[in-house]
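These are my notebook entries from a reading of the structure shown below. I wrote down what I looked up, topic by topic.

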Amino acid sequence: MATAKRKPKRRRKQRACVTPKRRARAKRAALESYTPGAEAAARRRKRARRKCRPKKRKRRAVRRPTPILQPVPPPPRPATPGPLSSPLAIYGGTFGVRQAERLLWRAGFGPSPGHAQALASLGLHGAVRSLTRPAGAAVLTGATPHDSDDSPLYPEDAWGHDHLWFLDRMVRTNQPLVERMALLWHDWFATSTAAVEQRHMMVQNQTFRTNALGSFHTLVRAMTTDPAMILWLNQNENSRWNPNENYAREVMELFTLGADRGAYTEDDVRELARSLTGWTNSWSAELGTHDFRFAANRHDANPKTVFGRTGTWDWEDACRLCVEHPLHSSFLVGKLWSYFIPTPPSDSDRSKLEQLYRSTGYQVRPLVEAILLHPQLYGGPRMVKPPIIALAGWLRALRRPIDTSAWVWLADGTGQRLFMPPNVAGWDDDRWLDTSTLRARWEMASYAVGDRELAGAAMDEYDETETPQQAVAKARAFWGDPPLTGETVTSLTAFATDCLPGSMSGWQRHTYRAIRQNALRVLIATCPDLQTS
Amino acid sequence: MAPRVTKPNAAEIAACSCGGYSRSRLLRHAAGAAIPGAGLPAIEAGMPLPAGTGMSRRSFLSRTAGLAMAVYGAGALGIDALDAGIAAAAEAPDQPVLVSVFLDGGADSLSMLAPTGHARYTQLRPTLALGLGEDGAAELGPQLSEDTSLQWHSALNPLATLHAEGKVSVLPAIGYTDANQSHFTSRHFWEVGATDPFARLGWLGRYLDQHGSADNPLQGLSLGYDLSPSLASGSVPVAAMSRPEEYDFWAPGVWGPVETAMLDSIGNLGELPTGDAGLAYARGAAAATGRLREQVAPFQSGYTTPPGVTYPTGSSFSDRLRALAAMLGAGLPLRCVAINGAGGYDTHSNQEDSLPQNLTVTAGSLLAFQRDLEARGLADRVLTLVWSEFGRRPDENGSGTDHGAAGTAFLIGSAVRGTMIGEFPGIAANDLDDDDNLRATSDYRGLYRALLEQWFAVDAASVIPGASGFTAPELLKP
C-alpha cells in the first residue's frame with residue numbers, strides 16, 4: 001500500500017490525516033483483525049501503511065440536488081441460439097419474469113429495469129446461455145465510479161476503493177454471471193487485505209474473472225502461484241528447512257477435498273507442505289512485496305508420500321494430486337451447487353455432475369449450466385441474498401452509480417466487506433442474517449435511498465390524498481416492482497394505514513404522507529421477502 | 001423467532017468443507033468500530049421537526065432515545081417487553097451469567113503459561129521461548145503458584161493478579177483426545193460441545209433451548225456483528241449486537257409518528273408465517289431484530305462505568321466488555337454471552353510481534369471487567385470462560401508455530417475455586433502425543449458438564465452428549 005507514486009494528490013491527503021493517534025488506531029485495528037496470516041500484517045505495519053478511515057456514520061448521505069440516474073446495462077445476449085444440454089433434469093415450467101428474476105439473483109445481482117423482461121423473452125435456455133456464454137467482452141454501462149471526495153477509484157492502494165471497484169462492476173456489467181463467479185471464487189479461495197496488499201488482491205480478482213467459468217485445475221494452479229495467496233497462507237515461508245503447513249492444509253481442507261471426509265491425514269498435510277516448498281518473494285520499501293517466484297534451492301526435492309503415492313512431488317504435482325483425488329469431484333460439485341441452490345442435489349444428480357466434471361477435464365461452465373437449468377433452482381425454497389448482492393441489486397434497480405465511500409464501512413456491519421472475508425474459509429452462507437447484520441442492512445438501505453429522499457418542496461407538495469394502497473404501490477414501483485408475498489403487502493398496507501395520526505392539521509396531511517413514502521422505501525428494501533430470492 | 005438452524009443433509013455435509021458450517025465471522029469486522037464513540041451519530045442541523053424547534057436531527061434522535069421510556073412507554077410494546085425482562089431478572093436475582101471469550105485462531109499455550117521450568121522448552125522454542133526475545137526477561141511474569149514450572153506471560157499479568165486473589169482457575173492443557181488440527185473443525189467441536197461435525201446447535205444454544213425463555217433474545221447474546229455458533233439455538237431466540245448504543249434504526253426523512261410505526265413494522269414483517277425455509281429464516285431474523293430493538297432502547301443515550309474502573313481504550317473487545325457490565329448492571333436479562341477476545345491468535349509467523357499485544361489487550365480488558373462487576377456488586381453472578389480451539393505445536397517453525405492439540409483455558413470470577421484444573425502434561429519427547437503436540441489433561445466436555453451442573457445447576461446429560469463419561473472438575477469455591 002501507499003505505493004501510489006502516480007497519485008501525488010491522493011497520497012498527500014492520506015499522509016495529512018495520519019496523525020499519531022490515528023496511526024495507533026490503525027495499528028490496533030490491524031492487531032484486532034484476525035486472519036490466518038495476521039502476523040504478516042503485523043510485519044507489514046513497519047512499512048508505511050496508511051489507512052485513513054473516513055468519518056464514520058454520518059447520519060445521512062449528502063443530499064444531491066438531482067440523483068444521477070444510471071443508464072441500464074444492456075442484458076446479456078446469447079452468443080449463439082439453441083438449447084443447452086445437461087445430464088440432469090431441466091426445468092420445464094413457465095419461464096416468465098419472476099423466474100428470470102430468480103435466475104438473475106442467483107446467477108447475478110438482480111435485475112436492472114427491464115432486464116428480467118428481456119431475459120424472460122429469451123426462454124430458459126437462451127437466458128441461461130446469455131449468462132454462461134456471454135458474447136464478447138463485458139460492457140460497463142454508465143457513469144464511472146467515484147468515492148465520497150469525488151476522487152476516481154484507485155483500487156490498488158486507496159482504502160476501500162477495492163470494495164467500491166468490485167461493487168461497481170457488479171452494478172454496471174452486462175455479464176453478471178462472470179462477476180458473480182469472480183465473487184464465488186473470491187469466497188472459495190478466500191484471501192484478505194488484512195494480510196495482503198490491495199494490488200495483489202486486484203491481480204487475484206482478475207484471475208478469478210479470467211477463469212470464472214473455465215478449468216478448476218487451472219484455477220488451483222493459478223492460486224498456488226498467486227502472490228496474494230502465497231502471502232496469505234505463508235507459502236513464501238514454506239521452505240525445506242522450515243515447512244509451513246498453512247497452505248497445504250487449506251488447499252485440501254477448504255479448496256479441493258474438505259475436512260473430516262477421510263480424504264487426507266495429518267501426515268498428508270505435512271507431506272503436501274513439503275511438496276509445496278520453494279516459493280519466495282522479494283521485498284523493498286519502494287515496491288513492497290514483489291518478484292514472487294519458485295526458488296529451487298528452497299524446495300524439498302526428497303520423495304514425499306501424499307495420499308499413499310510416493311514421488312519427488314513439487315507444487316504442480318501437489319495441485320494435480322488434489323484434483324485427481326477420488327474425493328475431489330464430490331467436494332467440488334456439492335460446494336458449487338450450494339452457491340446456487342439451497343437444497344442439496346439428489347445422489348443421482350450429484351454423481352452425474354461429478355461424471356460431467358471429470359469427463360470435461362474439470363470444467364466449471366458445464367456444471368453451472370446444468371445447475372442453472374435445474375428444476376430445483378426454480379421450484380425450490382428461497383435463498384438468502386448475500387449482503388453485497390442485495391446492495392448491488394438495490395443500486396441496479398435504482399440506477400444509481402457508485403458515488404459514495406459509505407458502502408465500504410456499511411459492508412463491515414452487514415458481514416461482507418469485499419476483499420476482507422472473515423477467514424480462509426470465506427463467508428458463511430448459512431448465517432447472513434441475524435439481529436446485528438440485519439440492522440446493518442437497514443442502515444445500508446437508508447444510504448441507498450438517501451440521495452432521493454422526499455424533502456423540502458417534494459414534501460410540501462406531496463399528494464395529500466394518497467391512500468395506503470397507493471403509497472405501497474408507489475414504493476414498490478420505486479424499487480422496480482420486486483416480488484412481495486401477499487402477507488407482506490398486507491402488513492405494509494397496515495403500516496401505511498396506522499402510521500398516520502387520526503386527525504392531521506393542514507401541513508401534516510402532505511408531510512406525513514411524504515414521510516410515509518420515505519419509510520416504505522426502506523421497509524420494502526429490508527423486508528424479509530427481499531432478503532431472499 | 002431466532003434464526004432457525006436447519007438440519008443439514010448428510011450429503012451436503014460430506015460435500016462441503018466443515019468450515020462452511022457453524023462458525024461465525026471474526027472480530028475483524030469490528031476493527032473499524034474499535035474507536036470509542038464511533039457508533040454515536042454526528043450532529044446534523046436542519047432536519048425539520050414537528051415541534052418546529054429547529055433542533056437538529058441528531059439531538060432529536062438522542063432525545064427520542066433518552067425519552068424512550070416516556071414516549072414509547074405510554075403504551076408501546078417495546079417497553080412492556082423490556083419491563084417484563086427486567087422483572088424476570090429481578091425475580092431471580094441469583095441468575096448466573098456465563099461469558100464465553102474465544103481466542104480466535106488457536107492461542108499458543110506455551111507462551112501464555114510458559115514451561116520455563118522444563119528443560120526442553122528452549123530447545124523446542126529456540127527463538128520464541130519467553131525470555132529469549134527482544135524484550136528479554138520482561139516477557140516473563142510471575143510463576144504459577146500451583147505449578148512453578150510454569151510462568152505467566154507478562155502480557156497476562158492482569159490475569160496473574162486476579163489469580164493471586166483466587167479469582168482465576170487455570171486449565172493448562174485442555175482439549176480432547178485425537179485433537180483435530182483444523183481451525184474450523186476443532187472450533188466447531190468446542191462450539192457444539194461434542195466431537196460431532198454434524199451437530200448444528202451450539203452447546204449454550206442447547207442449554208437455552210431447554211432452560212431459557214421463549215421471548216427473550218438477550219438470554220443468549222453475541223457481542224459482535226454475528227451470532228456466535230456456541231449460541232445457535234433450535235427453538236428460543238438469541239441475539240447479536242456490536243454494542244448496545246449502536247442498536248438504533250433510522251431512515252432518511254422519517255420522523256414523528258410515522259417513525260414510531262416504521263420501527264414497529266421491522267419486527268411485524270418478521271412475525272408473518274411462511275412455509276418456505278429460506279423465507280422463514282429471514283423472517284425469524286427480522287422478528288428477533290424487532291424484539292431486541294425494543295429491549296435495548298434505553299441504552300441509546302449511553303451508560304456509565306463505576307469510578308475507579310478503567311478499561312483499555314481503542315479495543316472493541318474492551319468496549320464490549322464495558323458495555324456488557326453496564327447491561328448487567330441495568331438488570332437486562334442476560335444469561336449466556338459470547339464474545340471474541342482481542343486480535344487473532346493463528347500465529348504461523350511473527351508470533352513475537354502480535355501475540356503479546358493481543359494478550360495484553362485481552363487480559364487488561366478482562367481485569368477491568370472483573371473490577372467493574374465487583375464495583376457493581378455483580379461479581380458473584382458472572383463467570384467468564386476464556387478458551388481457544390487448540391494450542392499450538394511445541395516445536396516452533398522459525399518465526400511462528402503451527403496448529404497443535406491441547407490448549408490453555410481460564411475461568412475467571414469471584415466464585416471460581418482459583419486452583420489449577422488438570423496438570424501440565426510436560427513437553428519431553430515421550431510426554432507429547434503422536435503428532436508431537438501437547439496432550440490434554442482435561443476434556444472440554446468435562447468442563448462444560450461442570451459449568452452446567454455447578455454454575456447453571458441443570459442436568460448436563462441433555463446438553464452435552466455422553467456428559468457422564470467426562471470427569472467434571474470442581475469449579476466453584478466451597
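Predicted model: local features only at pLDDT ≥ 70, side-chain atom pairs only at ≥ 80, totals over all residues.

I looked up how three strands of chain B are arranged, and found an open sheet in the order E2-E4-E3 with antiparallel pairing. Strands here, at least two residues of DSSP type E, and helices, at least four residues of type H or I, are DSSP runs numbered from the N terminus, and two strands pair if DSSP finds at least two bridges between them. Strand E2 (113-114) and strand E3 (140-144) of chain B each have a single partner strand, so they stand at the edges, and one side of each is left without a neighbour in the sheet. I followed E3(B) to strand E4 (residues 147-153) of chain B, with which it pairs in the antiparallel sense over three bridges; the bridge partner of Gln143(B) is Gln151(B) in E4(B).

Residues are numbered from 1 along each chain as its sequence is written, and chains are lettered from A and ligands numbered from 1 in the order in which they are written.

For chain A I noted 25 helices and four strands, and for chain B 14 helices and 11 strands. Buried residues make up 58% of the 533 residues in chain A and 63% of the 478 residues in chain B; a residue is buried if 20 or more other C-beta atoms lie within 10 Å of its own, exposed if 12 or fewer, and partly exposed in between, with C-beta atoms placed from the backbone. I then looked up contacts, where two residues count if their C-beta atoms, placed from the backbone, lie within 7 Å. Of the contacts in chain A with a separation of 6 or more, 78% are between residues 24 or more positions apart, and in chain B 71% of the contacts between residues at least 6 apart in sequence join residues at least 24 apart.

E6(B) pairs in the parallel sense over three bridges with strand E8 (residues 336-340) of chain B, where Ser222(B) stands opposite Ala338(B). E6(B) also pairs in the parallel sense over three bridges with strand E7 (residues 239-241) of chain B, and there Leu223(B) stands opposite Met241(B). Which elements cover the buried residues of H9(B)? They include E6 and E8, along with strand E1 (97-103), helix H8 (183-192) and helix H14 (444-455) of chain B. Helix H9 (residues 203-211) of chain B has seven of its nine residues buried, so it is largely enclosed by the rest of the structure; among the buried ones are Trp203(B), Arg206(B), Tyr207(B) and Asp209(B).

The contact residues include Ala471(A) and Phe478(A) of H23(A), and Arg513(A) and Leu520(A) of H25(A). Gln508(A) also has its place in H25 of chain A, and with 17 C-beta neighbours inside 10 Å it counts as partly exposed. The C-alpha atoms of Gln508(A) and Glu464(A) are separated by 8.8 Å, although these residues are 44 residues apart along the chain.

Asp150(A), in the loop between helix H6 (123-132) and helix H7 (161-172) of chain A, has phi near 65°, a positive value in a residue other than glycine. Asp150(A) is exposed, with 7 other C-beta atoms within 10 Å. Asp260(A), in the loop between H12 and helix H13 (266-275) of chain A, has phi near 60°, and is partly exposed, with 18 other C-beta atoms within 10 Å.
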